[in-house]
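Welcome to a short tour of one protein chain. Have a look at the picture below, then follow the report from the overall fold down to single residues.

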Amino acid sequence: MDTKELLKKVRKIEIKTRRLSNHVFGGEYHSTFKGRGMTFSEVRQYQFGDDVRAIDWNVTARYNEPFVKIFEEERELTMMLMVDISGSEFFGTQSSFKKDIITEISATLAFSATQNNDKIGLLLFSDQIELYIPPKKGRMHVLRIIRELLEFQPKSKKTDVTAALKYIRNMMKKKAIIFILSDFMDDDYQRTLKILANKHDVTGIRVYDEREEEMPNLGMVQMQDAETGEFLLVNTGSSSVRKNYAKHYQERVDYFKTSFNLSGAGTLSTRVDEGYVKKLLGYFKRRG
């Protein structure tokens with residue numbers, strides 16, 4: 001992708017996702033993810049409607065008229081986007097790849113965090129750590145994140161969710177909001193996820209394509225594994241082959257849901273052709 005085309009794509013995503021974060025998600029994000037508590041700001045004269053429990057009796061006695069303490073939410077938070085960029089994310093039978101939807105959701109979340117003056121970081125992973133961008137504030141930083149999501153070429157096509165979870169656990173010392181965006185076609189990550197979710201606010205966003213749920217009957221077909229690159233001749237006309245495929249797929253989906261639920265982490269699943277806006281908004285409202 002040349003620079004001009006890349007900038008055009010970044011700008012297109014910025015326009016769409018900033019509009020969503022400004023008009024749809026900004027307020028919901030703020031009320032869903034609270035700051036670290038309340039900090040004392042100032043003392044001012046009592047005004048009609050103020051909570052009488054906020055009266056500062058020492059200052060009131062000194063000036064012989066009521067004064068109240070004003071507190072502000074200690075707002076600054078850190079959001080970490082953990083994005084799976086393994087080979088299976090380049091799958092898509094509709095108008096978009098899973099990767100495209102993951103990029104849009106990531107950008108929407110990042111702009112929502114920016115609107116609330118929070119820091120945003122990015123981790124791109126396959127079966128290794130592909131790229132880590134430390135959390136920072138500001139629009140230019142978010143544009144860099146979008147650029148990497150669009151352009152970055154992974155060294156590996158395989159997936160290892162556990163390795164990514166361990167890496168982020170070591171990097172993030174203070175409590176953070178962590179979104180993991182993947183199709184979660186992996187297993188054996190439950191224990192590591194539980195440790196991470198004990199300290200951080202974790203949400204798994206599963207993006208999938210309807211064609212992955214069941215194998216169509218197309219007779220003998222040569223298929224390529226997106227993560228290993230291996231070509232296989234598959235008899236899709238066989239009902240047992242289709243049944244085993246569907247069973248294997250459902251086991252991974254169930255493992256994702258069970259692992260996140262048992263860890264006390266949030267989950268959201270969205271199909272490539274479905275539209276993620278309502279789902280994301282519904283998730284924020286349920287949690288708010």
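## Before we start

A residue is called buried if it has under 20% relative accessible area, exposed if it has over 50%, and partly exposed in between, using a 1.4 Å probe and protein chains only. Helices (H or I, at least four residues) and strands (E, at least two) are DSSP runs, numbered from the N terminus.

What you see is a predicted model, where local features need pLDDT of at least 70 and side-chain atom pairs count only at pLDDT 80 or more, while totals for chains, interfaces and linings use all residues. Residues are numbered from 1 along each chain as its sequence is written, and side-chain values use heavy atoms, with hydrogens and water left out.

## The chain as a whole

The chain contains 9 helices and 10 strands. It has 288 residues, and 46% of them count as buried. Contact means heavy atoms within 4.5 Å. Among contacts in the chain with a separation of 6 or more, 74% come from residues 24 or more positions apart.

## A sheet of six strands

Two strands pair if DSSP finds at least two bridges between them. Strands of a sheet pair through backbone hydrogen bonds, in either a parallel or an antiparallel way. Here, 6 strands make an open sheet with mixed pairing, in the order S5-S4-S3-S6-S7-S10. Strand S5 (129-136) and strand S10 (266-271) are at the edges with a single partner strand each, so one side of each has no neighbour in the sheet. On average, neighbouring strands of this sheet are turned by 15° against each other, direction ignored.

Let's walk through some of the pairings. Strand S4 (residues 119-125) is antiparallel to S5, with 5 bridges between them, and Leu 124 has Leu 131 in S5 as its bridge partner. S3 and S4 run parallel and are joined by 7 bridges; here Thr 78 stands opposite Lys 119 in S4. S3 also pairs with S6 in the parallel sense, over 5 bridges, and Met 79 stands opposite Ile 177 in S6.

## A well-covered strand

How many residues of S3 are buried? The count is 7 of its 7 residues, and S3 is mostly covered. In a regular strand the side chains alternate between the two faces of the sheet. In S3, Thr 78, Met 80, Met 82 and Asp 84 point one way, Met 79, Leu 81 and Val 83 point the other way, and all are buried.

## Helix H5 against the sheet

Axes are lines fitted to C-alpha atoms, for helices over the stretch in contact, and angles run from 0 to 180 degrees between N-to-C directions. Helix H5 (residues 161-171) lies across S3, S4, S5 and strand S6 (177-182), and it runs at about 30° to S5.

Which residues of H5 are buried? They are Val 161, Thr 162, Ala 164, Leu 165 and Ile 168. These residues cover an arc of only 160° around the axis, so they are on the same side of H5; the arc is that of the directions from the helix axis to the C-beta atoms. The buried residues of H5 pack against S3, S4, S5, S6 and helix H6 (190-199).

## Aromatic rings

Rings of Phe, Tyr and Trp (its six-membered ring) pair if their centres lie within 6.5 Å; planes under 30 degrees apart count as stacked, over 60 as edge-to-face and the rest as tilted. By this rule there are 9 aromatic pairs. Tyr 132 and Tyr 167 have ring centres 5.7 Å apart and planes at 70°, so their pair is edge-to-face. Because Tyr 132 lies in strand S5 and Tyr 167 in helix H5, the pair ties together parts that are 35 residues apart in sequence. Tyr 132 is buried, at 19% relative accessibility, whereas Tyr 167 is partly exposed, at 27%.

Phe 184 and Tyr 189 form a tilted pair, with 6.1 Å from centre to centre and 50° between the planes. Phe 184 is buried at 1% relative accessibility, and Tyr 189 is buried at 1% as well. Phe 184, Tyr 189, Tyr 255, Phe 256 and Phe 260 form one aromatic cluster.

## An exposed lysine in a loop

Lys 175 is in the loop between H5 and S6. Is Lys 175 buried or exposed? At 59% relative accessibility, Lys 175 counts as exposed. Leaving aside neighbours within four places in sequence, Lys 175 is in contact with Lys 199, His 200 and Asp 201. Lys 175 and Asp 201 are 26 residues apart along the chain, and their C-alpha atoms are separated by 7.4 Å.
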